[in-house]
Amino acid sequence: MDFTLEVIPLPVSDIDRARDFYRDKVGFHVDIDTEVMPGMRIVQLTPPGSGCSIALGDSIWEMAKGPRPAPGSYQGLQLCVADIKAAHAELRERGLDVSEPVQYAPDDGATFMYFKDPDGNGWAIQEYRRRATEPLHQVLADLAAERAREA
């Protein structure tokens with residue numbers, strides 16, 4: 001049985017402000033912006049090239065039957081890009097306040113930059129140059145095929 005991570009609910013204080021931020025500053029695509037049932041509005045946004053989205057909504061947390069996280073309480077959400085310098089330039093051009101890239105080691109996967117949304121939810125963007133020639137969905141498909149052959 002495959003389990004795929006496809007949607008992460010994100011705690012925000014203002015759905016419209018968050019939608020506009022992720023769409024206009026970060027470049028996410030708005031997949032859904034609708035009232036899915038009376039009193040329950042969902043806005044789902046997906047980063048370009050990603051198989052996982054974020055969901056913004058007033059009533060999402062009531063369905064989860066747990067504590068409601070405070071807006072801005074999520075830290076360490078992570079995006080990956082093949083070229084961090086190009087991503088940095090693109091995001092700055094959109095007006096995003098993103099940090100300069102920091103290289104922690106010369107290895108692929110060791111360069112990061114950071115930003116926060118209007119509520120303070122914290123994001124990292126990791127450069128993984130290998131993704132330019134090996135997109136994650138292809139790597140995972142290849143691994144699944146290899147496992148199937150071994151079984």
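Is Arg19 buried, partly exposed or exposed, and at what relative accessibility? Arg19 comes out at 15% relative accessibility and so counts as buried (under 20% relative accessible area; exposed is over 50% and partly exposed lies in between, with a 1.4 Å probe and protein chains only). The structure here is a predicted model, so local features need pLDDT of at least 70 and side-chain atom pairs count only at pLDDT 80 or more, while totals for chains, interfaces and linings use all residues. Residues are numbered from 1 along each chain as its sequence is written, and side-chain values use heavy atoms, with hydrogens and water left out.

As for the overall layout, the protein has four helices and eight strands (DSSP runs numbered from the N terminus: H or I of at least four residues for helices, E of at least two for strands). Starting at the N terminus, their order is β-α-β-β-β-α-β-α-β-β-β-α. Of the 151 residues, 36% are buried. Out in the loop between β2 (29–37) and β3 (40–46) sits Pro38, which is exposed at a relative accessible area of 78%.

Back to Arg19 and its surroundings. Arg19 pairs with Asp16 in a salt bridge, with 3.3 Å between the closest N and O atoms (the cut-off is a side-chain nitrogen of Lys or Arg within 4 Å of a carboxyl oxygen of Asp or Glu). Both residues belong to helix α1 (residues 15–25), three residues apart, or about one turn of the helix. Asp16 is partly exposed, at 34% relative accessibility. Helix α1 also holds Asp20 and Arg23, again three residues apart, and their salt bridge has its closest N and O atoms 3.1 Å apart. Asp20 is partly exposed at 27%, as is Arg23 at 34%. Across the whole structure, twelve salt bridges turn up, including Glu90 with Arg94 at 2.5 Å between the closest N and O atoms.

Then there is the largest pocket, at about 1,100 Å³. On a 1 Å grid over the protein atoms alone, a pocket is an open set of points where a 1.4 Å probe fits, with protein on both sides within 12 Å along at least five of seven lines; lining residues have an atom within 4 Å of a point. Grid points are joined across faces, edges and corners, and the volume is the space filled by probe spheres set on the points. Of its 31 lining residues, Pro47, Pro48, Gly49, Ser50 and Cys80 are the closest to the centre. Strand β5 gives the largest share of the lining, five residues.
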